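Please work through each task before reading its solution.

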Amino acid sequence: MKLSSATLVGLVALIFFVVLPFIVSDWVAADFGIYFAYALFAVSLCFVWGHAGLLSLGHAVYFGIGAYAMSLVTLGMVPGLPELHSTWVGLAAAIVLSTVAAAVVGWFFFANRGLKGAFLGIVTVALAVIVERLAINSSYLGGMNGLMSVPPITLGLNGDGPEIYDPLPIYYIGLTLLAVAIAAMMRVSASRFGVSLAALRENELRLWTLGHDVAKLKIAAFALSGGLAGLAGAFFVVQFGFAAPSLIGFSLSADVLIWVALGGRNALIAAALGAVAVRFLESRLSNLMGATWPLVLGMVFMASVIFFPKGIFGELIDRLDRWRDRANG
Amino acid sequence: MQDAAEGNATSGGAPFLEIISLVKSFGGVRAVDHVDLVLDTGAMRCIIGPNGCGKTTLFNLITGYLPPSSGDIRYRGQSIVGRPLHKIAADGIVRKFQVPSVFPEMTVEDNIRAAAGVRHGRSVASPAELLDMVGLTKNRRHMAGTLSHGEKQWLELAMVLSTAPRLILLDEPAAGMTRTEKTETVRLIHEIRRETNVAALVIEHDMAFVAALDCPISVMMLGRIVASGDYDTVRRDPLVREAYLGAVNG
Ligand SMILES: Nc1ncnc2c1ncn2[C@@H]1O[C@H](COP(=O)(O)OP(=O)(O)OP(=O)(O)O)[C@@H](O)[C@H]1O
Ligand SMILES: [Mg+2]
């Protein structure tokens, strides 16, 4: 079977990231563990926005729910269960809660006639702002300071056993998680459900009048994406050790939008590479440029929207596609 | 292909489709004005009439896209007024839009796959057979947006058929087609009806096309049905001659 150009780029990127730790220091690799969490988050947004055409401007809500859920469980803060510290329960809680939250939000947004386009965008922004305020005002969640000293991944069933915080294992866990998530979401995108979501993006009325319950499709897409964002948040917080209100709010929601748009929202792998590239450059350039970095990022963003509307890696995949088409006659 | 007998499973001898005194007003304009229409299982009828006489609005009402101002639409013995769009479609009433309506940034094949998601146990030809039927097999890996206007019309027809409909509403299925494409479309509609026994309402402006479909015709003017009958009867109707056919045939 012929591989798609997105798959080819994904495989090349995978090989690159597998060998990268042999080239750079462990200290650099440690940063990439965090970038992979962000990349996973970008994949979740890319699925719902790029593939299903539903613009969510408040996607950090689900990332934040995942991060807080993991933190609360591993810190033993679940009400009535002070003995519970399991990374695995934390992981399950992160995924389930973020999925349910996204499904409930999706139901409010999309049941009946549903919100569309700019309205959907505005309401999702408002949601992120509100949830961030709630987190800041909640003493249970640590208020402004958030939850500190979140334990790393612990292999035992209930917070016992070996802890994983060395950069290299984290790096490869992150890379595996990301690769598996992208492969799985590509499978979903190509399934009948996924094709229906693409059709939703292309022409909602046509799909609806062919007999599809478009509200249900949208809610399902939102829930799936939310769960993936929650997983990303959980994997982030076990490395970062700290869950703060900024993880759940507007600013991170805007960041992930930029990563996906810059990388390319037409392909999950492009969005992931966009997140890694922006975060990497940010860590390098913000030292050099200081306060001018956000300005530079903003300008690069605008330029890419104008010159590469499909995103930088999205454009690359597109050109590769056309080149292979020509080569095959 | 769809089982012909299954389409007849209408309760208690009620007509397959019955439109009763249907009205739709937009502000002061009555786009559909007390329309009555009956269609039997597996039957076909053409609806003709000048621009803006309410043909598309009638389809919008039948498919649930717009709520009627008054009147009723009964389908297989039950009123379908107020049912959600997708339920009406899932029950077997599926339309082809006046402006060809496909999923442009998806392959032709995936257009059919997406369309065929819902068919509620009714059997239907495979996507490959449908593409073959409308002559788009060679284009199956192309983006639907790159097809010609006529090819998009055929693709949308195949998408509609992939849902195993009982009633298809075709809004100007030959609009923007060349003469040969129109001939091919007539052949296609006859083939579809022979093989699936699907009922059809067809809106069309081109009188040669309507004549070739060889079915009863209803003529609409200013929201009302002003004449009904076969092609020759309708042609002879003085009102129709003057107001519509006269204008078309010059
Ligand atoms: N959603 C709407 N809101 C207001 N007026 C409408 C609406 N839809 C249709 N109309 C009006 O209703 C009348 C009938 O329009 P309709 O589209 O049904 O005509 P038609 O017979 O399909 O015409 P054509 O042959 O040009 O397609 C027109 O005067 C049109 O402007
Ligand atoms: Mg019309």
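**Exercise 1. The salt bridge count**

How many salt bridges are there between chain A and chain B?

*Solution.* The model is a predicted one. Step 1: the count between chain A and chain B is one salt bridge. Step 2: the partners are A:Arg206 and B:Glu156, whose closest N and O atoms are 2.5 Å apart. Step 3: this distance of 2.5 Å is to be set against the cut-off, which asks for a side-chain nitrogen of Lys or Arg within 4 Å of a carboxyl oxygen of Asp or Glu.

**Exercise 2. The extent of the interface**

Describe the contact between chain A and chain B in terms of residues and buried area.

*Solution.* Step 1: on the side of chain A, 20 residues are in contact with 27 residues of chain B. Step 2: the area buried between the two chains is about 2000 Å², and carbon and sulfur atoms give 62% of that area. Step 3: within chain A, the residues that lose the most area to chain B are A:Arg192, A:Arg206 and A:Leu210, which together account for 32% of what that side buries. A:Arg206 is also the residue that forms the salt bridge with B:Glu156.

**Exercise 3. The side of chain A that touches chain B**

Which helices of chain A each supply at least two residues of the side that touches chain B?

*Solution.* Step 1: they are helix H7 (192-202) and helix H8 (204-208) of chain A. Step 2: H7(A) gives the most to this side, with seven residues. Step 3: sorted by class, the side of chain A that touches chain B has eight nonpolar, six polar and six charged residues.

**Exercise 4. The magnesium site**

Which residues coordinate the magnesium ion (ligand 2)?

*Solution.* Step 1: the donors are OG1 of B:Thr56 and OE1 of B:Gln98, at 1.9 to 2.2 Å. Step 2: B:Thr56 belongs to helix H1 (residues 55-62) of chain B, whereas B:Gln98 is in the loop between strand S6 (93-96) and helix H3 (108-115), so the pair ties together parts that are 42 residues apart in sequence. Step 3: B:Thr56 has 26% relative accessibility and therefore counts as partly exposed. B:Gln98, at 32%, likewise counts as partly exposed.

**Exercise 5. The fold of chain B**

State the secondary structure and burial of chain B.

*Solution.* Step 1: chain B contains nine helices and 10 strands. Step 2: of its 250 residues, 53% count as buried. Step 3: among contacts in chain B with a separation of 6 or more, 71% come from residues 24 or more positions apart.

Conventions. Residues numbered from 1 in each chain as written. Chains lettered and ligands numbered in written order. Predicted model: local features only at pLDDT ≥ 70, side-chain atom pairs only at ≥ 80, totals over all residues. Heavy atoms only, no water. Contact = heavy atoms within 4.5 Å. Buried area = accessible area lost by both parts, 1.4 Å probe. Helix = DSSP H or I, 4+ residues; strand = E, 2+ residues; numbered from the N terminus. Nonpolar A, V, L, I, M, F, W, Y, C, P; charged D, E, K, R; others polar. Donors = N, O, S within 2.8 Å, 3.2 Å for Na, K, Ca; no water. Buried < 20%, exposed > 50% of the residue type's maximum accessible area, 1.4 Å probe, protein only.
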